[in-house]
Amino acid sequence: MVKSGTIILNTAARFLMPLQLMFSVFLLLRGHDEPGGGFIAGLVAAGGFTLYLLAFGVRATKQVLRMVDPRDLIGVGLLLGMVSVVPAWFMDQPFLTAQWWTIPVIDFKASTPLIFDIGVYLAVLGSVIGMVMALMEVDKDEP
Amino acid sequence: MEPLMALAIGLLYATAIFMMLRRSIVKLVIGLLLLSNAANLLIFTTAGMTRGAPPLIPEGMLQPVGEVADPLPQAVVLTAIVIAFGVLAFAVVLIRRAYEVVKADDLDKMKDTDT
Amino acid sequence: MQFTVLMGFVLAALAPMLHRRFAGRTSLVLALFPALIAAWLFSQAPMVIDNGPVLLEWQWVPSLGISLTFLLDGLSLLFGLLITVIGTCVLVYAGGYLKDHHDIGRFYMALMAFMASMLGLVMADGLVTLFIFWELTSITSYLLIGFNHADLQARKSARQGLFVTFAGGLALMAGLVMLGVASDAWSLADIRAMETDLREHALYTPMLVCLLLGAFTKSAQFPFHFWLPNAMAAPTPVSAYLHSATMVKAGIYLLARLQPELGGTPLWIGVLSVVGATTLLIGAFLAIHHTNVKKLLAYSTIMALGTLTMLLGIGTEYAMTAFVTFLLAHSMYKGALFMVAGNLDHETGTKDVTAMGGLRPLMPVTAMIALAAALSLAGVPPLFGFIGKELKFEAALGAADYRSLLVIFAFLGAVMTIAVAAIIALRPFYGTRHQTPKAPHEAPLSMLIGPALLSLGSIAFGIAPGVLGVNALLTSAAGAVSGEPMEITLSLWYGVNLALIMSVASLALGFLLFKYWDDARARLSLLAPVMRRGPEAGYEGLLNGIVAFSEWQTRILQNGYMRNYILIMLVVLIALIGNSILLRHSPLLAFDLDVRFHEVIVVGTMTMSALFATLTRSRLGAVVSVGIMGFSIALVFVLFSAPDLGITQLLVETLTVILLVLVLFRLPRFSHLSTSLERIRDGSVAAMMGILIFLLIMTAWSIDQFESISTYMVENSAPLAYGRNIVNVILVDYRALDTLGEMFVLALAAIGVIAMLKLRHATESPKTAEGSKSDTQEPYDG
């Protein structure tokens, strides 16, 4: 199934993937105020990787991912989601109450919802590329 | 708009269910896909549809300008879309595995594998 | 205190680890837990006895009014001490008895968990906490009875105990809820402090019936007694613990606890005294049928439980005194006797008393212990059991209702109990020596300390009932059971009265029965066909009936044809929802269609592509048209103010098409399998469902039953949650817990997919279960 694609696909994938990744981070960070957010950003990033997978195959994609296994991304994502509930405990507030901190120098709003959204992002990204990668790996093994 | 959507969603449901009742497992997958889309639209439509008023608050303000669309069904449907994809992937792969084991795409021939 | 009891569960979890660390000494280490609690209870005893009940409050979820409060009065003190003291003995004993068992870590785990649940049960103040601990004892005792899980009989017995006690637990739950509703107080202390009389309440009868069902199943009252002898499949230390002081006494505890509030009515007196007396007689009668030493003891336990229930039913001051005294006496001698039985079994390799004999010279200490405990069981002065038996006769003679029945049953029960005591104390140790599977010698020290201690208690409390404050403790406990303070003075000699004459007569007759026991057993075996028709046969019949019914309905409903499942569900759904919509709401069918031209085009594309996907014969055509439908839906979202949804739908649709292309083309072409009749049937069901959905949307859209909860979310999104995209704020803030759950669903689906695809490679290459499975499917190829 997965042969290397055409030159156009290859070139497009090579350029689009980093762009899509950057765009996804942009979508993630602005998601609280404008359309975007963890789910959408995760899907955009997963789309970028899927394109790359289709163009260059599983091995090349794994090289791009280096040490990161998609399954680890799922785990880290879920962990971040769980961790974001903890600060409210220390503030003696009900479970999952959002906490906000302003980082002074760059005037950036850090918050538990943001941590949570990053968790969503990683879980979605990990799930989708995990599934696609597993499918393509199996395809490769079969005639 | 809602009555038109109601008609369309009814039709989507009918096609989905017809496909899910087929014996061919490939058609089952298509039916599942149609059904999840129809269900999302159902939630979206019953909450009422509003044109051109997304639930966003303009920069620097605390309240949205005028009436906006109900954000709650949107949030519900958003996760539902992503989960439907996950479940679809699961179903598709499950069916593929079943096909590899049973070597038949007829659901009636798979009936003994779960008893 | 609550913390200490909960620590028991932690210790239980750590037990296997402790066993790895301490090996043979684990039981001694673990025995510190009950021993320390016993010491604490002793230290609390003077305060409770002098000043009345103590409440130990621990707020748990204050906003819901749930607290883990313990109530410490005379009754819970007595039970707590029995549980901890006998628990210490049993733990020490188990260390010797199961020394070479390969799975002893798990045993300690279950035993410690059981101990903690039992302690929680007798001290719980809240009705809900009481119920939770009650069910915990059922579960943990299930683990203990089925400890030898490789043995079919043990599994079956454990399951039987579980089913019977859980069925009772359900009734108990209903009863406790009714009690809570009727009294409007969910704690025992509040119920006790109430002014109103629960006996007058309209719910009294159903409440009492449910509570009694719970107590009777747990405490093996007739006709639920059959699970208790079967539970003897457990290792002997478990039997010694469960059937002397704990598990089976839980039901008795509940009855005693409720006696001041619910007792004294004709219903209470009638049911408790008649059921108790019947259980007493049947237990004693069945006991002499058996030659298995553990079964003998089990049936005599049923006898004792019947006695206790009967005494609660009688309800006089004498009966209360007899109740607490007999409770204490029975726990001590029965614990000791079970451990003696364990020693015999452990050393000789058989449980059959007729196969033993002349063991006294070989096991002198065990023989001494057995004699002391059995004398207490038989009620021979000066042992503590004698006081218990005297008071029992006295109470039966003083009963206001059913007097002659109770006296006769109690007397016959006592005669047979004495025979049982003689069988256990004399038969294995005296007479001619028999060949046994193992060469017997005296049991190790760890297996003698526990029973010796309990036997010594039986002697000491009998000679001097005032020692160690036993009299004061029993006074306080009896006061708690009767609801009014009372004064007890126990003594061996109450003068020559009818009870004493009955005692002497029962001793003589009992010894006679022991003499001719073998003869009597032969005659009784003629009754075997009648015995087989007992309540246990009813239980078996019920179980078989349930299995047969589930088989029948599985054949009808779950026949393996996917479309049948779907069809049944759909038809039911259509009937129910259609009925409700058409009869109760009239869907708004007169409407002005406010649509724009481009919207009609988008919706039209959507429906057309869905139809095409259904009708096409080509897989690629179907996938492409489904894709087009998805993109049209994305457009609908965008047109109707849902930009986030539009983007998500677009991205997911792309991925879906990729997924389908990757997988679907590994599958065969569309095949045409159904007949046209089937297609018409499916088509009409699908059409009906479509119409139903149309009506549903029209109804739901036109009715506004509740104000949308999203108003709050819209108003506070920016001021409180600092977000201007309200949909995202809902996802990550207002409803973050839902989103967290959805993340887990997605992750599970992904892990499932990865596992299904990757694990196959591990299992398929060697010829494993997966490989053979595909072999059996081969006929389908042809």
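Biologist: How far apart are the end C-alpha atoms of residues 72-95 of chain B, and what is the span made of?

Modeller: Helices here are DSSP runs (H or I, at least four residues) and strands are E runs of at least two, numbered from the N terminus. Residues 72-95 of chain B are 100% helix and 0% strand, with end C-alpha atoms 34 Å apart. This is a predicted model, where local features need pLDDT of at least 70, side-chain atom pairs count only at pLDDT 80 or more, and totals for chains, interfaces and linings use all residues. Residues are numbered from 1 along each chain as its sequence is written, chains are lettered from A and ligands numbered from 1 in the order written, and side-chain values use heavy atoms, leaving out hydrogens and water.

Biologist: Which residues of chain B does UniProt label "transmembrane region"?

Modeller: The unreviewed entry places that feature at residues 6-21, 28-52 and 72-95. Such annotations may be inferred rather than shown by experiment; positions follow the numbering used here and feature names are shortened. Residues 28-52 of chain B are 76% helix.

Biologist: How many residues does each side bring to the contact between chain B and chain C?

Modeller: Contact means heavy atoms within 4.5 Å. Chain B brings 92 residues and chain C brings 101.

Biologist: And how many salt bridges are there between chain B and chain C?

Modeller: A salt bridge puts a side-chain nitrogen of Lys or Arg within 4 Å of a carboxyl oxygen of Asp or Glu. Chain B and chain C share three. In one of them, Arg51(B) pairs with Glu599(C), the closest N and O atoms being 2.5 Å apart. On chain B's side, helix 3 gives the most, with 26 residues touching chain C.
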